[in-house]
Amino acid sequence: MRVGTAFPLSIERLPGRTGQNEGASARNASFGELVQDALEQLNRLQQEADDAATRLAIGEPVDLHDVMIAVQKADLGFQLALQVRNKLIEAYQEIMRMQV
């Protein structure tokens, strides 16, 4: 299991923190594109967790271990996105308090 798939907003995806192959494309991406990409990955993790839980609930032969991993990935991704949102709001409020 790759750690990067569990954390869609990981620091590895930020400009300047990527590998050589991804570095050029990450530097060309705007902040909005990075946020949109991260939100799409978070949504994908949520859908995968929902699908796995639904398959387990209707009695399909699904490994409980895989369902729990999918749910935990989605939860960690959501918690990380929530913390990033809180930091962005905090930074915005700090900027708004600045006297010009």
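How many helices and how many strands does the secondary structure of the protein chain come to? Colour the model by secondary structure to find out: there are 4 helices and 0 strands. Keep in mind that this is a predicted model. Followed from the N terminus, the elements run α-α-α-α.

**Stop 1: the whole chain**

Select the protein chain and show its surface. Of the 100 residues in the chain, 19% are buried. If you display contacts with a separation of 6 or more, 67% of them are accounted for by residues 24 or more positions apart.

**Stop 2: a pair of helices**

Now select residues 31-57, which form helix H3, and residues 64-97, which form helix H4. Their axes come within 9 Å and cross at roughly 150°. That crossing makes H3 roughly antiparallel to H4. As for its hand, the crossing is left-handed.

**Stop 3: where the two helices meet**

Show side chains next. On the H3 side, the residues in contact with H4 include Phe 31, Leu 42, Leu 45, Ala 49 and Leu 56. On the H4 side, look for residues including Leu 64, Val 67, Val 71, Phe 78 and Leu 88. Sorted by class, the contact of H3 with H4 has 15 nonpolar, 2 polar and 2 charged residues.

**Stop 4: one arginine**

Finally, pick Arg 44, which is found in helix H3. Is Arg 44 buried, exposed or partly exposed? Arg 44 has a relative accessible area of 38%, so it is partly exposed. To end the tour, draw a distance from the C-alpha atom of Arg 44 to that of Ala 74: the two are separated by 8.6 Å, although the residues are 30 apart along the chain.

Methods
Residues are numbered from 1 along each chain as its sequence is written. This is a predicted model: local features need pLDDT of at least 70, side-chain atom pairs count only at pLDDT 80 or more; totals for chains, interfaces and linings use all residues. Side-chain values use heavy atoms; hydrogens and water are left out. Axes are lines fitted to C-alpha atoms, for helices over the stretch in contact, and angles run from 0 to 180 degrees between N-to-C directions. Angles under 35 degrees count as roughly parallel, over 145 as roughly antiparallel, 65 to 115 as roughly perpendicular and the rest as oblique. A crossing is left-handed if the near helix is turned anticlockwise from the far one by less than a right angle, and right-handed if clockwise. Contact means heavy atoms within 4.5 Å. Ala, Val, Leu, Ile, Met, Phe, Trp, Tyr, Cys and Pro count as nonpolar, Asp, Glu, Lys and Arg as charged, and the others, Gly among them, as polar. Buried means under 20% relative accessible area, exposed over 50%, partly exposed in between (1.4 Å probe, protein chains only).
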